[in-house]
Amino acid sequence: MADGTPRTGIVAEQAADRLYIIDARNGVERRILLDWIHSTSGDDEPVWASLDIEDGDHALPVDVLQARLGGAPSRQVVPLRVAWRIPNFDRDRALKFRHLIFGDPRHPGPLRSRLILLRDRRRAQILVGEAATLDILRDRFCAQTGGGDGEGTDSPEFAGFVARQAALALDVAERGIRGTRYKVPRFVADGLRTSPKFRAALAELAEKSGRPVADLYREARPLMKEVIARPSALFLDLRARLDRMMFGGYAPEMEIDAAELAKLRSILREHPTAILFTHKTYIDGATPSRLTYENDMPMLHSFGGANLDFAVMGEFFRRSGMIFIRRSFQDQPVYKLVLRHYIAWLLAKRFPLSWAFEGTRSRLGKLMPPKYGLMKYVLDAAHATGTQGVHFVPFVTSFDLIRDVEEYAAEQTGRNKKPESLSWFIGYMKSLKEPSGRIRLDIGEPVVIEAAPGPDDRRALEQIAFAVAVEANRVTPLTVTSVMCLILLGMAPRGATSAELLGAIGAVTDWARARGIRLSKELESGDDGALSATVDTLVASGLLTRYEAGSENVYSIDPAKHPMASYYRNIIAHHFLDRAMIELALFELRDADSGDATAAFWAKIDRLRDLFKFEFFYPPRDEHRAAIEAELARIDPVWDRRLASGDRSIAQLLRRCQPVVGHAILLPFAEAYSVVAEQLACAKPGDVVDEKALLDAALVEGRQAWLLRRISSEAAIGKLLFANGLSLMRHMGLAEKATPVNLVARRELLKELRGLANVMETMRLSTVALADRLPGSGG
C-alpha cells in the first residue's frame with residue numbers, strides 16, 4: 001500500500017509462512033528493506049529473495065528465488081520496494097534534461113542513496129505490494145502462459161513469472177504515491193513470448209511458410225525490440241517538459257471543457273480506448289499526451305512513422321511511449337504478427353492508444369480521408385482476442401496559428417519537403433517559440449465497437465472510420481483565425497474596416513450558434529479584448545495585414561498569403577458546405593427562365609455534390625437532402641414555395657442568405673479543377689495521361705492563369721487540389737486515352753467549371769456590395 005502497510009495484514013502466526021521478494025537496485029535499498037522486514041515480520045529468520053527486477057531483454061537472476069518457491073501452497077509472497085520521494089516534485093514536476101545524464105532522482109544509485117538518507121530518511125518510503133499465495137501464482141502462471149516451457153511451476157520460467165508479478169504489484173502501489181500518469185507497461189516482450197495465443201500464431205505461420213518455429217522466434221525477438229515502446233517515469237516527465245517547450249509560443253493553458261475532460265477520464269479508466277486526433281501539424285500529436293499527463297490520466301501510446309526514428313530523438317520518443325511503425329510491411333508476416341499481438345496486449349491491459357487517423361498531416365486544412373491501417377490492426381487485434389467495447393475517441397486540436405502552414409503552402413507549389421533530421425528538429429523547435437495564440441481541445445463522442453468486425457469486413461472498417469471523421473468534423477470549432485480568413489478571402493482583393501470585420505464576425509458566429517456549431521472562447525464570449533489580442537498575434541505573424549494610417553484600420557490578406565489563409569479557412573469549410581451549395585445553386589437559377597425551379601435546384605445540388613466528392617465527406621443522399629432542407633428552412637420557412645414560384649422569389653430567397661459565403665468555400669476547388677480540365681482538354685486524340693507530367697504542367701499553367709487573373713487566387717494552385725481534380729476526372733471517365741468523344745466531354749467539363757467560377761465571382765461582388773450595410777459599418 002502507499003502508506004507502507006501491506007494489502008494483506010501481517011500477523012505473527014503467519015510470519016513463518018511468508019516469502020518476501022525484495023526489488024532492490026542496490027545494497028542500500030536491500031538493507032533498508034531487510035531492516036523493515038526484521039522489525040515488522042515477527043520472525044527471527046524471515047525467508048526472502050532479493051533481485052533487481054528490471055524490464056530488459058535478458059533473463060532475470062532468479063536462482064535464489066526459484067529455490068525458495070517450493071513452500072506450501074498457502075505461503076504468502078510479499079513484494080517490497082523502496083520509493084524515493086523528490087521534495088516539492090508534485091508541485092512543479094521539475095525534472096531537468098540533465099537527469100538523462102545523472103539519472104532519475106527517483107532511482108538513486110548507492111552513493112546518492114546514502115547522501116539522501118543522511119539528509120532526510122523520510123524520503124525513502126517502503127512500498128508493500130499486494131500479496132498472493134503460491135497456489136494463486138501457480139494458477140495465474142498456467143492461465144497466462146499455458147504452463148510456460150512445459151517444465152511446470154518448478155522451472156526458472158515460473159520464478160521469472162513470480163518476480164514479474166511482484167514488480168507489477170509494486171508498480172500499482174507506487175502509483176498510489178506518484179500518480180496514474182506513471183502507469184506504464186512492463187515485461188511486454190516476456191508477456192508476448194509466453195502468451196499461448198502468440199505461440200499458436202507463430203506455429204500457424206511456421207506451418208504456412210514452411211519455416212521452423214525456432215527461426216520465427218529468432219526473427220521475432222529483434223522485431224519486438226524495434227516495435228515495443230519502453231516508457232518510464234523519467235522519460236514521461238521529460239517528454240512532458242518537451243511538450244511544454246513545443247507549446248512555448250502558445251498560451252500556457254490549453255482550453256477544454258471540464259465535462260468532456262471528466263468523460264475522457266472515465267473512458268480511459270473503464271474501456272480499451274484509442275484517441276484518434278486530427279493531424280494539422282507535427283505537434284498536435286502531443287496535445288492528447290500533454291492533456292493526459294497534466295490531468296493525471298494514463299499515458300498514451302502514440303504511433304509514429306519510422307522516418308521519425310532518428311538519432312537521439314527516436315530513442316527519446318520510444319522511451320516516452322511512441323511506437324514506430326514501418327511505412328510498408330505487407331510482405332513481412334513476422335513483423336505484422338508481432339505488431340498485431342503487441343496492440344492486442346496493450347488493449348487487454350487497458351493502455352490507451354493514440355494516432356492521427358488521417359495518417360498524415362493535412363496539407364489543405366480540411367480533414368483528409370482516413371487511413372485504415374492502424375485502425376484495422378486494432379480491430380483485428382480486438383477480434384482475435386475477443387476484446388469488446390473498444391472506444392475510438394475523436395480528438396480535435398485547434399491552434400490560432402500553425403507553424404507548418406508556410407511549409408505546406410510551399411510544398412503545394414512544387415517545392416520538395418525537407419527530410420526530418422536532428423538539425424531539422426532543432427530548427428523546428430526554435431520556430432515554435434514565436435507567439436502563436438491559443439490552443440483549444442475538443443473531444444467528440446466515442447465511436448464504440450461492441451464486437452470488432454472480422455479481418456475481411458472492409459465495409460465495416462470504412463463505416464467506423466467515416467463515423468470518427470464525421471464526429472471530428474462536428475466538434476471542430478470556429479476560431480478567430482479561421483473565421484477572419486473566411487471573411488477576408490471572401491472579400492478579397494478588397495479589405496475590411498474594423499467595423500465591417502466585427503459585423504461580419506458577428507453575423508457568422510450568430511449563424512453558427514443557431515446551428516449548434518462550436519465556437520472558440522473569444523467568439524463565444526464576445527470578449528473584445530481577447531479578440532483583439534488574437535488579431536494582434538495574426539497581424540504580427542504576417543498572416544493578416546493591418547493598415548493604420550487612414551481614418552479607419554483596414555484588414556486584409558496579402559495575395560501571397562492566400563494559400564496560407566485558405567488553409568485556416570478550409571479547417572471549418574465543412575460547416576459551411578451545405579450553405580455554400582445552396583447559395584451557388586440559387587445564384588445559378590437566379591437568371592433562369594421563370595417557372596418551378598425545384599427540380600433544377602436539386603439537380604444542381606446533386607451535381608455540386610458529385611463535382612466536389614473528392615474534397616468533402618458527405619452523408620448518404622437522403623440524409624444530405626434532409627440537411628439541405630433543414631438549412632433552407634432556417635434561411636426562409638417558405639423556401640419551397642419560393643423555389644416553386646421561381647424568378648423573383650429566388651432573388652428574395654437569395655437576399656435572406658446574406659452574408660454569402662459559398663464563393664469563399666468552393667471557388668478555389670473549382671478554379672483548381674479548371675486548370676486540370678484545361679490540360680486534359682488541350683490533349684490530342686491518342687494522348688495518354690501521365691499523372692506526374694500533368695500535375696507538373698498544372699503547376700506551371702496555374703501560375704500563368706493567376707498572373708493573367710484567369711483564376712482569382714494563388715490558393716487555387718496546389719498539387720493536392722490538382723490531384724483531386726484529376727481523380728474526379730478519372731472517376732468521370734475523362735482521364736482515359738484521349739478520343740474525339742472524351743475530348744468533347746473534357747471541354748464541356750472545363751466550360752462548366754469556368755461557369756461555376758464566374759457565378760462565384762458574382763457572389764463575391766455581392767458580398768463586397770453588402771459590406772457597408774453590415775451591422776457596425778461606418779458606411
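Is L111 buried or exposed? L111 is exposed, with a relative accessible area of 60% (exposed means over 50% relative accessible area, buried under 20%, and partly exposed in between, using a 1.4 Å probe and protein chains only).

## What you're looking at

This is a predicted model, where local features need pLDDT of at least 70, side-chain atom pairs count only at pLDDT 80 or more, and totals for chains, interfaces and linings use all residues. Residues are numbered from 1 along each chain as its sequence is written, and side-chain values use heavy atoms, with hydrogens and water left out.

## The chain overall

The chain has 33 helices and 15 strands (these are DSSP runs numbered from the N terminus: H or I of at least four residues for helices, E of at least two for strands). Its C-alpha trace spans about 105 × 65 × 50 Å along the principal axes. Of the 779 residues, 54% are buried.

Take the contacts (heavy atoms within 4.5 Å) between residues at least 6 apart in sequence: 78% of them join residues at least 24 apart.

Together with L115 and L118, L111 makes a nonpolar surface patch of about 350 Å². The patch rules go like this: members have over 30% relative accessible area and no salt bridge, with like charges joined within 9 Å and nonpolar side chains (Val, Leu, Ile, Met, Phe, Trp, Tyr) within 5 Å.

## Inside the cores

In soluble globular proteins, nonpolar side chains tend to be buried together. Here, the largest nonpolar core has 146 residues, and those with the most contacts inside it are L478, F601, F612 and L666 (a core is a set of buried Ala, Val, Leu, Ile, Met, Phe, Trp, Tyr and Cys residues joined through side-chain atoms within 4.5 Å). Helix 30 (residues 662-681) gives the most to this core, with 13 residues. Apart from it lies another core, of 56 residues, among them F329, Y335, F357 and I449.

Which residues does F612 touch, leaving aside neighbours within four places in sequence? They are Y618, L666, F669, A670 and Y673. L666 turns up again next to A580, which also touches G662 and I665, not counting residues up to four places away in sequence. A580 belongs to helix 25 (residues 577-590) and counts as buried because its relative accessible area is 0%.

## Salt bridges

Side chains of opposite charge can pair when their charged atoms come close. The structure holds 58 salt bridges (a side-chain nitrogen of Lys or Arg within 4 Å of a carboxyl oxygen of Asp or Glu). One of them joins R75 and D17, whose closest N and O atoms are 3.7 Å apart. This pair links distant parts of the chain, 58 residues apart: R75 is in the loop between helix 2 (63-67) and strand 3 (76-84), and D17 is in the segment before strand 1 (18-23). R75 counts as buried at 12% relative accessibility, while D17 is partly exposed at 25%.

Other pairs sit within a helix. R218 and D215 are three residues apart in helix 10 (residues 213-227), so about one helical turn separates them; their closest N and O atoms are 2.2 Å apart. R218 is exposed at 55% relative accessible area, and D215 is partly exposed at 28%. K376 and D380 meet at 3.2 Å, N to O, and they too are about one helical turn apart, because four residues separate them in helix 16 (residues 373-385). K376 is partly exposed at 27%, whereas D380 is buried at 7%. Elsewhere, salt bridges that share partners join D23, R81, D171, E174, R178 and R186 into one network.

## The end of helix 6

T145 is found in helix 6 (residues 134-145) and is buried, with a relative accessible area of 3%. Its side chain reaches the backbone oxygen of F141 at 2.6 Å. Leaving aside neighbours within four places in sequence, T145 is in contact with F161, T194, P196 and R199.

Key. Accessible areas come from the Shrake-Rupley method with a 1.4 Å probe; for residues, only the protein chains shown count as cover. A polar contact is a pair of N or O atoms within 3.5 Å; within protein, one must be able to donate a hydrogen and the other to accept it, and residues adjacent in sequence count only if both atoms are side-chain atoms.
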